[in-house]
Amino acid sequence: MNDRILVVDDERGLREGCKRVLVPEGYLVESADSGEGGWALVKTIPYDLLLIDVMMPGMSGLDLLSRVLQHDPDLVCIVITGYATLETAVEATKRGAFDFLRKPFSPEELVNLVRKGLEKRRLSVEARRLREERE
């Protein structure tokens with residue numbers, strides 16, 4: 001089964017750019033143009049990884065991050081920001097982000113970080129399955 005990725009960003013160019021890079025890698029990529037739209041999708045479709053912009057109108061990326069991880073603790077979230085301050089990175093990490101990506105980023109940076117994030121998810125899911133078998 002292909003890994004399912006959701007890109008949540010209010011910039012159309014970034015959403016489309018991520019799709020152009022990730023689809024040829026074999027990923028199923030969907031997108032939302034707002035935190036609210038991303039949240040609606042996460043509640044109905046199981047994703048493996050989210051790419052979330054920090055600064056969006058309405059629900060911020062950090063608020064979305066908190067909600068989706070309460071919904072699915074194994075969901076890997078990578079925060080995308082053009083405002084990569086230490087404070088933002090620390091706050092994203094405190095809320096459970098796997099990592100963050102500073103705009104602008106290269107296709108290679110995106111693919112490498114997505115691969116690392118999905119490997120972390122596979123390990124987390126496998127660890128949970130093994131714990132449940134022992135109980």
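Modeller: A salt bridge is a side-chain nitrogen of Lys or Arg within 4 Å of a carboxyl oxygen of Asp or Glu. Arg115 makes one with Glu25, with 2.7 Å between the closest N and O atoms. This is a predicted model, in which local features need pLDDT of at least 70 and side-chain atom pairs count only at pLDDT 80 or more, while totals for chains, interfaces and linings use all residues. Residues are numbered from 1 along each chain as its sequence is written, and side-chain values use heavy atoms, leaving out hydrogens and water.

Colleague: Which parts of the chain does the pair Arg115 and Glu25 tie together?

Modeller: Helices (H or I, at least four residues) and strands (E, at least two) are DSSP runs, numbered from the N terminus. Arg115 lies in helix α5 (residues 107-134) and Glu25 in the loop between α1 and β2, so the pair ties together parts 90 residues apart in sequence.

Colleague: Is Asp48 buried or exposed?

Modeller: Buried means under 20% relative accessible area, exposed over 50%, and partly exposed in between (1.4 Å probe, protein chains only). Asp48 is buried at 11%. Its salt-bridge partner is Arg121, at 3.1 Å from N to O; Arg121 is also buried, at 14%. By contrast, Arg115 is partly exposed at 41%, and Glu25 is partly exposed at 37%.

Colleague: What is the order of strands in the open sheet?

Modeller: Two strands pair if DSSP finds at least two bridges between them. The order of the five strands is β2-β1-β3-β4-β5, with parallel pairing. β2 and β5 (99-102) stand at the edges with a single partner strand each, so one side of each has no neighbour in the sheet.
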